[in-house]
Protein chains: 2
Amino acid sequence: MSKEDVGITVSKNADFSEWYTQVVLKAKLADYAPVKGLIVLRPDGYSIWESLRSTFDKKFAKNGIRNGFLPILIPESLLGKEQKHFAGFNPEVFWVTHSGTNEIGDRLALRPTSETLAYTMYAKWIQSWRDLPLKINFWNTALRAEIKATKPFLRTSEFLWQEGHTVHTTQEEAEKEVMKILEIYKNTVEEELAIPVTTGKKSEKEKFVGAVYTTTMESIMPDGKALQMGTSHFLGQNFSKPFEVKFADKDNVEHFAWQTSWGVSWRLIGAMIMAHGDDKGLVLPPNVAPTQVVIVPIYKNEEGKEKVLSKVDEIKKQLETKEIRVHVDDRSGLSPGYKFNDWELKGVPLRIEIGPKDIEKQSIVIAKRHNREKSTLSFNEIEKIFTILQEIQKEMLEKAKEQAKENTIEISNYDEFKSKIERGGFFNAPWCGKLECEEKIKEETGADIRVIPFGSENEDLKCMYCKEQSLSKPVFARGY
Amino acid sequence: MSKEDVGITVSKNADFSEWYTQVVLKAKLADYAPVKGLIVLRPDGYSIWESLRSTFDKKFAKNGIRNGFLPILIPESLLGKEQKHFAGFNPEVFWVTHSGTNEIGDRLALRPTSETLAYTMYAKWIQSWRDLPLKINFWNTALRAEIKATKPFLRTSEFLWQEGHTVHTTQEEAEKEVMKILEIYKNTVEEELAIPVTTGKKSEKEKFVGAVYTTTMESIMPDGKALQMGTSHFLGQNFSKPFEVKFADKDNVEHFAWQTSWGVSWRLIGAMIMAHGDDKGLVLPPNVAPTQVVIVPIYKNEEGKEKVLSKVDEIKKQLETKEIRVHVDDRSGLSPGYKFNDWELKGVPLRIEIGPKDIEKQSIVIAKRHNREKSTLSFNEIEKIFTILQEIQKEMLEKAKEQAKENTIEISNYDEFKSKIERGGFFNAPWCGKLECEEKIKEETGADIRVIPFGSENEDLKCMYCKEQSLSKPVFARGY
């Protein structure tokens with residue numbers, strides 16, 4: 001096999017979209033399933049999801065949230081119970097009409113999201129204030145038919161996600177929960193995936209159908225497009241009323257409950273690939289890398305092999321006591337150069353090279369994936385690798401922050417906006433708050449309001465479109 | 001709320017089926033979803049599944065198996081590629097015919113099992129012997145339409161399970177994998193769920209549609225019915241041929257690969273409920289109990305409360321350093337008696353009671369759920385609770401083994417079999433190996449061959465039905 005067959009054949013700058021697809025497929029994260037719009041996750045791809053799930057689970061648990069399971073089938077009549085919600089999802093729903101040869105009366109939707117089903121159950125489970133807060137999270141998939149071309153992790157008809165659904169006695173407590181979750185989302189994405197996010201609210205136009213308001217975290221990708229990274233919704237009593245999620249308070253009076261829902265999906269993996277990858281392939285943040293360190297033993301004859309492999313084994317064990325995920329690439333018949341390329345393509349954060357000469361010098365060569373720097377480390381410094389991995393994680397976040405900063409542009413007038421929108425980026429621009437302006441801007445430039453950052457309220461400026469008094473300075477951008 | 005409202009109102013012996021349903025619902029493990037055949041898992045139910053998943057994941061990983069993700073939709077044309085397999089599942093398949101208002105040409109099946117999809121992908125991923133063995137496991141749900149009445153964990157149209165799919169270069173390696181998995185299944189069920197199993201092969205009639213042979217583990221439930229606890233299939237080349245799962249060997253000659261598939265589902269939770277529960281409700285083995293120890297503080301006035309709660313907090317922390325899952329029931333306005341019943345219903349393995357008098361005596365009262373024994377433990381013996389939980393786990397398995405032994409009956413002639421089948425149990429009886437006898441026995445008694453235990457080959461006896469020479473002594477039983 002030549003290098004061309006396995007490596008990435010386009011530059012990230014030259015053709016971002018093709019580059020992305022090649023990285024996903026050639027790093028063996030995912031592959032296309034036989035049905036358009038669907039993908040399969042290979043172990044290296046799924047492992048990243050498992051790592052995120054484990055981090056979220058720990059943080060959810062600390063916040064009193066437990067996991068549950070909901071079935072995938074929701075009757076059409078139930079899905080239609082909250083009208084706006086139904087109208088929003090209806091065009092994308094997959095419908096089950098038969099089981100075996102039997103026709104099903106009330107068609108069954110494959111869950112596009114589970115509010116309607118969860119709250120039907122919650123209404124049965126909640127009687128009194130003692131049953132609240134009720135905070136359950138569900139790790140499952142949602143299905144929304146995609147018409148546009150499939151893009152692994154970013155545009156698929158079925159996607160892995162978590163959806164959390166909480167119920168509270170007061171509006172205040174529910175709104176605090178919305179913010180708490182957004183905070184968990186933000187620090188997990190920044191700490192684990194090394195991607196900075198901007199948090200704030202969605203506009204009325206862009207909020208979740210059925211929510212009172214939607215908070216969101218958004219990131220700017222290297223190609224200048226914005227990506228929604230996760231949302232946390234305050235549902236108010238919009239669902240508790242039609243679904244009769246009620247509780248008797250301490251005074252024995254019945255009230256409708258206050259609710260939240262929130263979710264992140266595997267598009268976080270897509271964001272990670274885009275944010276950090278380079279022309280050699282994937283670049284994985286150490287925290288989520290299935291393999292954190294790969295050791296490539298180098299030898300020319302049997303005698304050398306034995307010496308090298310025995311040292312390799314020693315180093316592997318040393319690293320494993322520090323709970324570092326290590327892999328030894330002892331495949332025969334493949335050159336070290338081939339192996340280096342292979343592991344760079346797969347994004348392993350740190351490579352160790354060790355041959356007979358290194359053993360003479362009592363040292364190893366280490367190569368960092370994220371900046372492709374090589375250096376040596378003496379045998380008695382092996383434990384430093386733990387710290388080096390932490391440093392790589394930090395450096396990747398710092399670099400991503402710088403990139404995001406470069407891609408964030410302050411805008412005061414619409415002409416400037418129009419002249420710059422083509423190059424992409426996050427555009428902070430004053431807005432009057434009116435739907436009309438938002439729609440005109442979208443129509444004329446393709447840019448949405450991605451997020452109205454917390455603290456961006458501003459009444460001293462003029463809306464970039466209508467020039468009336470501004471309300472805030474949202475982030476405008478073209479998005480995924 | 002009176003005790004009648006929350007407690008189990010029927011005896012396990014008097015009405016096993018109603019008892020089971022009450023335990024599932026009242027212990028808040030699961031609930032019925034709005035669609036017939038579907039259930040929802042509440043946190044205490046899902047937590048048991050998470051515990052099993054985590055144990056299996058560790059064992060799978062040690063055996064070189066990693067997790068992946070497959071989408072839920074399989075085109076009808078693909079599902080039909082292996083004919084016997086398709087014929088077996090076709091009557092139970094849910095069909096998706098529309099997305100939004102668009103009709104779908106090649107109807108999409110909700111996965112009844114993923115062989116056809118997995119092997120389509122595997123055929124793309126495997127080129128050479130270097131790519132093998134390929135061992136991937138998938139944690140997902142499968143959907144098979146149930147016509148009979150819903151029975152949580154035992155008879156549902158969607159169920160949580162894992163399905164593993166491995167590919168090997170040789171028949172020998174694949175067959176070893178089949179047995180390795182069965183061994184993992186067996187020791188996990190015995191060690192974690194405290195349920196003994198009998199392992200062996202399924203008859204030709206009962207094997208997985210598409211397999212060369214199926215190995216299985218079966219358990220006898222307290223009502224005398226058999227439950228299939230998990231299966232591990234040797235697929236031979238039955239799928240690799242139609243799906244073209246081929247590899248170039250070291251000599252560069254192309255061969256069809258050898259395959260296995262295997263799965264356990266949430267019916268393991270159903271088995272656990274049936275095996276250990278009693279008239280007071282659920283009885284959880286400590287290893288999988290979401291809460292292993294519940295502490296009920298007892299006090300009459302504010303002064304007592306403060307003293308008791310401060311000691312409770314100390315004990316809680318002590319137990320948590322041993323990684324014991326502890327909950328303190330400090331709900332106000334509920335009597336200790338009410339709380340005791342509540343936690344017994346929920347099956348928490350160990351209850352600690354502590355009041356002002358106990359503090360004076362420098363001791364606590366502990367109550368074991370599985371045998372309802374009460375004793376005292378002095379404050380300086382708190383650490384013993386770790387060992388006590390391990391003992392409970394062992395005692396539960398021992399008791400279940402005794403029960404299974406009592407329910408296992410040696411049979412030599414058919415009249416005896418017919419006279420005893422009504423009382424239920426595992427019947428070890430000689431069989432000639434012919435389908436005809438197997439079918440007649442099923443027809444006349446409702447009993448299947450559940451498993452042909454390893455080592456039960458026996459040619460010295462006469463088939464209990466046709467009286468010809470026996471081949472083996474299978475376990476006959478009526479099943480779930």
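Display both chains together: chain A and chain B bury about 4600 Å² between them, 63% of it on carbon and sulfur atoms. Buried area here is the accessible area (1.4 Å probe) that two parts lose on being put together, summed over both. In chain A, the residues that lose the most area to chain B are R66(A), F69(A) and W125(A), together 14% of what that side buries.

The model is predicted, so local features need pLDDT of at least 70 and side-chain atom pairs count only at pLDDT 80 or more, while totals for chains, interfaces and linings use all residues. Residues are numbered from 1 along each chain as its sequence is written, chains are lettered from A and ligands numbered from 1 in the order in which they are written, and side-chain values use heavy atoms, with hydrogens and water left out.

**The interface**

Select the residues of each chain in contact with the other, contact meaning heavy atoms within 4.5 Å. Chain A contributes 59 residues and chain B 59 residues. Four salt bridges cross this interface; a salt bridge is a side-chain nitrogen of Lys or Arg within 4 Å of a carboxyl oxygen of Asp or Glu. Next, select R66(B) and D44(A), whose side chains meet in a salt bridge with N and O 2.9 Å apart. Helix α3 (residues 43-62) of chain A supplies seven residues, the largest share of the side of chain A that touches chain B. Helices (H or I, at least four residues) and strands (E, at least two) are DSSP runs, numbered from the N terminus.

**The nonpolar core**

Proceed to L73 and L110 in both chains. Of the 84 residues in the largest nonpolar core, L73(A), L110(A), L73(B) and L110(B) touch the most other members. Such a core is a set of buried Ala, Val, Leu, Ile, Met, Phe, Trp, Tyr and Cys residues joined through side-chain atoms within 4.5 Å. Buried means under 20% relative accessible area, exposed over 50%, and partly exposed in between (1.4 Å probe, protein chains only). Now centre on L110(A): leaving aside neighbours within four places in sequence, its contacts include F94(A), L143(A), L73(B) and L110(B).

**Helix α12 of chain B**

Select residues 384-406 of chain B, which form helix α12. The 23 residues should span 33 Å at 1.5 Å a residue, and the end C-alpha atoms are 33 Å apart, which agrees; the expected span is 1.5 Å times one less than the number of residues. Among the buried residues of this helix are I385(B), L389(B), Q393(B) and M396(B).

A polar atom of the Q393(B) side chain lies 2.7 Å from the backbone oxygen of E191(B). Beyond four places in sequence, contacts of Q393(B) include L193(B), P285(B) and N287(B).

**Salt bridges within the chains**

Over all chains the structure holds 64 salt bridges. Select K135(B) and E177(B), whose closest N and O atoms are 3.0 Å apart in a salt bridge. K135(B) lies in strand β7 (residues 134-143) and E177(B) in helix α7 (residues 171-192) of chain B, so the pair ties together parts that are 42 residues apart in sequence. Both residues are buried.

Continue to K420(B) and E416(B), which form a salt bridge at 3.1 Å, N to O. These two are four residues apart in helix α13 (residues 414-420) of chain B, and are therefore separated by about one helical turn. K420(B) is partly exposed at 29% relative accessibility, and E416(B) is partly exposed at 22%.

Finally, in chain A, select K280(A), E344(A), R351(A), E353(A), R372(A) and K374(A), which are linked in a network of salt bridges.

How values were computed:
Polar contact = N/O pair within 3.5 Å; in protein donor to acceptor, adjacent residues only side chain to side chain.
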